[in-house]
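Subject: Structure handover

Hello,

Here is the model I promised you. Please look at it first, then read my notes below.

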8 protein chains.
Amino acid sequence: LRQGFPEVVYGASKTPEQAAAIVARLSAVHPNVLVTRASEAAARAVQAVVPEARWDALARLIVVHRDQARHGHGRIVVVCAGTTDLPVAREALLTCEVMGNDVTLVADVGVAGLHRLLRQVAVLRQARVVICVAGMEAALASVVGGLVAVPVIAVPTSIGYGTALGGLTALLGMLNSCAPNVTVVNIDNGFGAGYVAALINRQPVG
Amino acid sequence: LRQGFPEVVYGASKTPEQAAAIVARLSAVHPNVLVTRASEAAARAVQAVVPEARWDALARLIVVHRDQARHGHGRIVVVCAGTTDLPVAREALLTCEVMGNDVTLVADVGVAGLHRLLRQVAVLRQARVVICVAGMEAALASVVGGLVAVPVIAVPTSIGYGTALGGLTALLGMLNSCAPNVTVVNIDNGFGAGYVAALINRQPVG
Amino acid sequence: LRQGFPEVVYGASKTPEQAAAIVARLSAVHPNVLVTRASEAAARAVQAVVPEARWDALARLIVVHRDQARHGHGRIVVVCAGTTDLPVAREALLTCEVMGNDVTLVADVGVAGLHRLLRQVAVLRQARVVICVAGMEAALASVVGGLVAVPVIAVPTSIGYGTALGGLTALLGMLNSCAPNVTVVNIDNGFGAGYVAALINRQPVG
Amino acid sequence: LRQGFPEVVYGASKTPEQAAAIVARLSAVHPNVLVTRASEAAARAVQAVVPEARWDALARLIVVHRDQARHGHGRIVVVCAGTTDLPVAREALLTCEVMGNDVTLVADVGVAGLHRLLRQVAVLRQARVVICVAGMEAALASVVGGLVAVPVIAVPTSIGYGTALGGLTALLGMLNSCAPNVTVVNIDNGFGAGYVAALINRQPVG
Amino acid sequence: LRQGFPEVVYGASKTPEQAAAIVARLSAVHPNVLVTRASEAAARAVQAVVPEARWDALARLIVVHRDQARHGHGRIVVVCAGTTDLPVAREALLTCEVMGNDVTLVADVGVAGLHRLLRQVAVLRQARVVICVAGMEAALASVVGGLVAVPVIAVPTSIGYGTALGGLTALLGMLNSCAPNVTVVNIDNGFGAGYVAALINRQPVG
Amino acid sequence: LRQGFPEVVYGASKTPEQAAAIVARLSAVHPNVLVTRASEAAARAVQAVVPEARWDALARLIVVHRDQARHGHGRIVVVCAGTTDLPVAREALLTCEVMGNDVTLVADVGVAGLHRLLRQVAVLRQARVVICVAGMEAALASVVGGLVAVPVIAVPTSIGYGTALGGLTALLGMLNSCAPNVTVVNIDNGFGAGYVAALINRQPVG
Amino acid sequence: LRQGFPEVVYGASKTPEQAAAIVARLSAVHPNVLVTRASEAAARAVQAVVPEARWDALARLIVVHRDQARHGHGRIVVVCAGTTDLPVAREALLTCEVMGNDVTLVADVGVAGLHRLLRQVAVLRQARVVICVAGMEAALASVVGGLVAVPVIAVPTSIGYGTALGGLTALLGMLNSCAPNVTVVNIDNGFGAGYVAALINRQPVG
Amino acid sequence: LRQGFPEVVYGASKTPEQAAAIVARLSAVHPNVLVTRASEAAARAVQAVVPEARWDALARLIVVHRDQARHGHGRIVVVCAGTTDLPVAREALLTCEVMGNDVTLVADVGVAGLHRLLRQVAVLRQARVVICVAGMEAALASVVGGLVAVPVIAVPTSIGYGTALGGLTALLGMLNSCAPNVTVVNIDNGFGAGYVAALINRQPVG
Ligand SMILES: Nc1ncnc2c1ncn2[C@@H]1O[C@H](COP(=O)(O)O)[C@@H](O)[C@H]1O
Ligand SMILES: Nc1ncnc2c1ncn2[C@@H]1O[C@H](COP(=O)(O)O)[C@@H](O)[C@H]1O
Ligand SMILES: Nc1ncnc2c1ncn2[C@@H]1O[C@H](COP(=O)(O)O)[C@@H](O)[C@H]1O
Ligand SMILES: Nc1ncnc2c1ncn2[C@@H]1O[C@H](COP(=O)(O)O)[C@@H](O)[C@H]1O
Ligand SMILES: [Mg+2]
Ligand SMILES: [Mg+2]
Ligand SMILES: [Mg+2]
Ligand SMILES: [Mg+2]
Ligand SMILES: [Mg+2]
Ligand SMILES: [Mg+2]
Ligand SMILES: [Mg+2]
Ligand SMILES: [Mg+2]
């Protein structure tokens, strides 16, 4: 049923030793393993026992990616507004890749500078599914939603201050998108967005 | 780009006269039109000018469905816990249908009576995408998410009292689902869930 | 100091008799009087004692507009996304007018249909100040903010359902606009936006 | 009235010296004393004056357990989903033990992997009362509530990020459980859950 | 497993016809049936098909209570502060009764008039379990919790105004009770409290 | 008008140098000066320039108290539940003293151990005004309010965890006190409570 | 202890019959009785059995005021900004009167028209205690607090729309008043403010 | 369109290296650059590559201000209550200056000491636009709004404790200002306020 799916570990509350032990155990039976929200120390501990584990400092991901089979049918585009959203965008992008997808990143396309976004419309329209990562008022999700005819998975981020409320404002905005093709995941949950995008992009079942 | 997509009208704040005028105008150029959150009075006014418009009292939808072409690739399953969630589930189901999909409804499968849900696992596993409609604590989304390997679109509903907070509790629960294949739409937004499910289920683009 | 300013009455909690008495008293000494959030009954009662009072049902405003002097320097543009935001947009527009300004309304330009908004860029760029009225995710404020180089006064509206939270989501989005030229007023406060726009647009003081 | 009850100290805001002094005083007249939310430093200070005091680093509990009489009638089962909930689960478990109960821990049974939970149904059904410790969407409480016919005390935990809201989402979900046998305590309050479970499990009064 | 448990129907969102049909079906195979949050119209419709159904207007409960076997071991005491909490208290009381328990109601014992509460200490101490129903600041739960050595199930009520926040303030207060024997159910959930009290009070399993 | 009132400085956001400079300036013209929320470093800096300044580590107050005239008419009683509320209670107590009042502290009288509180009723009834400092569910305010016939100023504290919400739960409970003689100040605002208590206790004006 | 205090009934959730019965019983043994939040129907029912009961439609109070002894020492001033706050202000004023106090009402003194407030400074300074009733941003409490040297009891009102949040904004503003002589009661709680003002204004105890 | 506008960088989430690189790139083509929320380390790194960059420690701004042309028409007045609001006030002031405006700062004019504010009325009335920076109860915005006939841009600050809620209380108060000339920006957003004030104060377009 779940062929090509990685095993995924939530790294936030694990010691380096726990992380290493779990990845060692999982990678013995699964080709691909992902540890999210991992510290560099955890990455080092994992690499000591599973040398092919890769560490992405920006996304804070540990990636064991041995089965590189392609499962995706079309292309996934990850779009984000500014540099502050890049860690979450990259978490989404790497999740898509480890699940066997071709992914394109489109960054620096905030809605207050519409011309930069409009220059990317052709790229956006090549997508089978779009992941839209945005903080603050998160208007990007609605604008992108209106530019494409495929599902848009919106990831609110926790950047901003004051009434950004740690990402709640972006989340609420995305849930109220006037574009009907938008669904939403938890704040900063680039992994979840990438995972669902990969499911949408898989070869049809029947 | 958007062939097979209905025109959609948000009926909540429109008078019967406004609704009738808009549907008359839209249905002159589009085969399929949907009015969400419509009153019965609006439905009657629309039918006076567009006789083939159908009125679904439970879903509060007005449906003009002339182009019945099938666009969906697999099957969509809409699952909900109890009778109180049925209006939202039906809004989702009819949206899928008008967008050319085969849909199955699985109702009365709350998680506190797990055996009823487990009897439906085979049906759930036939889905290319699942829509899960639930209120109160919304645990159904996580349980269903764990039972299938396809995207689950979760729709929180506003039923319940006290700390149900008009659906916010269900929404928050769904956003924190421990199943990674769950994305979420606004409270009671059966339409949005159906729309995205139809997009996921469409024939691949390339 | 305040020449050309109307007297303004908050009509929400006043009986028709109270409204009539207040407007009678004020209009004896002030040429222009505005009653916001007024009922039709209040309008009828006012007109019985102040016949030149006009009643705008959409904006729920009673307007006594005898001094029609022009105080505005440039043009004010009021922009809103859909029909549901029109009552608030009209409250803003009429407030601007009674304060002696030329105003243009641009409606039906939601961000999910960007082409309609982009067709209005020239109109928007003629403004000395823009009022942007939007509900739901309120992305319009950021997009418009990026298209003009003048102040944008954003008015969140209470339309929507579920996580629209009666306009709080729109408000929060606008306060977090990534366009730096946006300031915000209370939910549904078209009057306040119009009033400040008129102040900005007045002849320079010195 | 309260024979067999420990004296309980809330350690969170006490210095090691204060903790030691209080435990010394209490343990002179009470056989069993519990200090919750204690630091290791406090534990060391207590052990210097009350050598039989035990320190549980995971639960952050200091335990003086001299009267080991059995007061419980049946068995208490503590169930939790993942490793992150273990500290709270252990605080509950040790509270039950010091109050004279037999306790079983069932861990790693999240609802998104239902088969693991279903393998434990026989264990769950041996309980006179169940304590269910869960964070994020807390769906476990409803599912477990449906599997047993005894009281379930639900403890929301503060793990998670973004919309987990420090445990509020789990709490709200548990309060809205569709299983009628669920009551709830404060976020992370393993102690309170253990205490009430022990009261329920005591020999009948009359 | 669940002998002596009533079938329970959530009446809030059902038409009289639906209620009657469900009760007719359930009461054909179950001796005892409860419909909560029922309207008088629903009660009349039920009585037309199940004549022994009783209607309690205060609690808004429909009760079919044919199997009157006693399942409770000790006594349940329901305590509430004032007359405004009586509907919820009575919902709890009747739920206990239909599940085969002896119940005592202690009303009009708010904490601001402590002498009235203190006069009832002997009654409270006869309880195997106490249900404490209170709105506003809900201090009663902590005071009662300190007076007894058995579990206290606290039910916050939605009475009050302003910062009572529809019962949230009472709920939060109860969750933070300084008495360790208090657990909490949803706002106004007298049924849930009664149900759990009955489970606690049942004959021991083994 | 304000004879006998201290000058008060909010120390939270001031550097030691700023604090010293302000106190030096104020104490040159005012006999009594208070710095709230002061660090020890600030206290040391102040004492270098104003040697008679006293530092209270528990209350985090710097006190210059040269005019020791008695302005209070009756007695002020400060009551709090546990040791964790003592810093706030002491801030209130010292504020009362520097404003010329006799104050009594009653500590360790939580409502879950009612007997301890009842032993202090005679002391409470000697008060012209009571300050009640309490965190968590803050039930103490209502109980004390019912025991006396004078004003009770309630100070919610930020202790507790989870749903204590940093003192909001205590605040909300106090605002909903069923005792009518309770008014409330900001969370942890012992200073404000002491100040108002001193005003109430002053010799009558006329 | 409580001589001169009225008996007070919370009328919000009582039927006219209940109100009449309670007032009949109380007024047989107490000279003064107050029913707050009473409907006109309740007032009529009460007057049928207690003819001297007075009904104040604005404050929604039923007042039995037979013992007209003067208990207040100084003067109480009730100040409010606009006409919308008058019902709450009058509830406070009548409570003070029935408790034997001289009261002055100062209305129509909002802070945005400071000159009107400043004209009343002499009146404000005659007060032994001030009650300040205000909605929206509630700035009046701070300004009045700075103008007098006596306690100010602030009553937030629920008027306003959008972000007025039913009075929460006014409440929060008052709790954060930069004037140290301000304490706060629940939203719209004119009664509570009047009650405490009367306590402050009573003849000294000793 | 945007002549005389600085390039603005949001410094909060950038490393010193990133900040230096961005400013180097921008200042090569733009005369004026602003970095907000910058650390001292970032300032040093920027100055190493762009020597004319100035660092303002209080406002945490890096300023490159080469084109000193005057674009403002009138005067901007920045007003704040106390020393704690000065960092935000200064961020606003420097933003105005770098955009070519004459700015006056009026500090230490809290509403609880009205005389100090009233002494500044003449200064306030010279403004073409006022920026009002205030935390806690933010009443200053309404009072200032009533004293001038020009737009007031209100900036809530995050100072205070407890119910100050990190600036939300001030924000909500400002949005509910009873003065109609007040608009609001995000908490602590001195930059945004300064930017809009500069736009308002620019030479008229036509
Ligand atoms: N129930 C609904 N919930 C969310 N969006 C909707 C709903 N019904 C219609 N829409 C969207 O609202 C837009 C039409 O709005 P309107 O022009 O006001 O009728 C379409 O883009 C739809 O995608
Ligand atoms: N972790 C905890 N959560 C809630 N209540 C607790 C906790 N630990 C101790 N208590 C209660 O706090 C009281 C002791 O508080 P203290 O006197 O401050 O040590 C006892 O009544 C305990 O029931
Ligand atoms: N802890 C406190 N809480 C509330 N207000 C305070 C506190 N300490 C001082 N104040 C008030 O803050 C003002 C002084 O503020 P500042 O000028 O910043 O020192 C005085 O009016 C005091 O009444
Ligand atoms: N302190 C601030 N608050 C709000 N917006 C800001 C702030 N500083 C810069 N910006 C905006 O952020 C954008 C630059 O973001 P970035 O490209 O991440 O440096 C510009 O459009 C500015 O208008
Ligand atoms: Mg949507
Ligand atoms: Mg997920
Ligand atoms: Mg902005
Ligand atoms: Mg329940
Ligand atoms: Mg507890
Ligand atoms: Mg009160
Ligand atoms: Mg204060
Ligand atoms: Mg305004």
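I start at ligand 3. A polar side-chain atom of Thr36(F) sits 2.7 Å from a nitrogen atom of ligand 3. I call that a polar contact: a pair of N or O atoms within 3.5 Å, where within protein one must be able to donate a hydrogen and the other to accept it, and residues adjacent in sequence count only if both atoms are side-chain atoms.

Conventions, briefly. This is a predicted model, in which local features need pLDDT of at least 70 and side-chain atom pairs count only at pLDDT 80 or more, while totals for chains, interfaces and linings use all residues. Residues are numbered from 1 along each chain as its sequence is written, chains are lettered from A and ligands numbered from 1 in the order in which they are written, and side-chain values use heavy atoms, with hydrogens and water left out.

**Ligand 3**

Two further contacts reach oxygen atoms of ligand 3. Lys14(F) brings a polar side-chain atom to 3.0 Å from an oxygen atom. Tyr10(F) uses a backbone N or O atom, 2.8 Å from an oxygen atom of the ligand. On its own, ligand 3 has 500 Å² of accessible area, and the protein covers 75% of that. Accessible areas come from the Shrake-Rupley method with a 1.4 Å probe; for residues, only the protein chains shown count as cover.

Ligand 3 lies between chains F, G and H. The residues around ligand 3 include Arg37(F), Asn189(F) and Phe191(F), together with Cys178(G), Pro180(G) and Tyr161(H). A residue counts as near if one of its heavy atoms lies within 4 Å of the molecule or strand in question. Strand β1 (residues 7-10) of chain F gives the most to this shell, with three residues. Helices (H or I, at least four residues) and strands (E, at least two) are DSSP runs, numbered from the N terminus. By class, the shell has seven nonpolar, two polar and two charged residues. Nonpolar means Ala, Val, Leu, Ile, Met, Phe, Trp, Tyr, Cys and Pro; charged means Asp, Glu, Lys and Arg; the others, Gly among them, are polar.

**Ligand 4**

Which chains share the site of ligand 4? Residues from chains A, C and H surround ligand 4, so the site is shared between them. Tyr161(A), Cys178(C) and Pro180(C) are among the surrounding residues, as are Val8(H), Val9(H) and Arg37(H). The polar contacts come from chain H. Thr36(H) has a side-chain N or O atom 2.7 Å from a nitrogen atom of ligand 4. Lys14(H) places a polar side-chain atom 3.0 Å from an oxygen atom of ligand 4. A backbone N or O atom of Tyr10(H) is 2.8 Å from an oxygen atom of ligand 4. Taken alone, ligand 4 exposes 500 Å², and the protein buries 73% of that. Strand β1 (residues 7-10) of chain H gives the most to the shell, with three residues.

**Ligand 1**

Ligand 1 lies between chains A, B and C. Its surroundings include Cys178(A), Pro180(A), Asn189(B), Phe191(B) and Tyr161(C). The largest share of the shell, three residues, comes from β1(B). Thr36(B) has a polar side-chain atom 2.7 Å from a nitrogen atom of ligand 1. The protein buries 74% of the 500 Å² that ligand 1 exposes when taken alone.

**Symmetry**

Chain C can be laid on chain H by a turn of 180 degrees and a shift of 0.0 Å along the axis, with an RMSD of 0.0 Å. The two copies are thus related as by a two-fold rotation axis. Superposition is by least squares on the C-alpha atoms of residues with pLDDT of at least 70 in both copies. Of the residues of chain C, Val184(C) comes closest to the axis, at 2.5 Å (C-alpha). The same surface serves both copies: 100% of the contact residues of chain C recur in chain H. Contact means heavy atoms within 4.5 Å.

Chain G goes onto chain C by a rotation of 90 degrees, with 0.0 Å of shift along the axis and an RMSD of 0.0 Å. That is the relation of a four-fold axis. In chain G, the C-alpha nearest that axis belongs to Leu165(G), 7.8 Å away.

Chains C and D do not touch; their nearest C-alpha atoms are 13 Å apart.

Best regards
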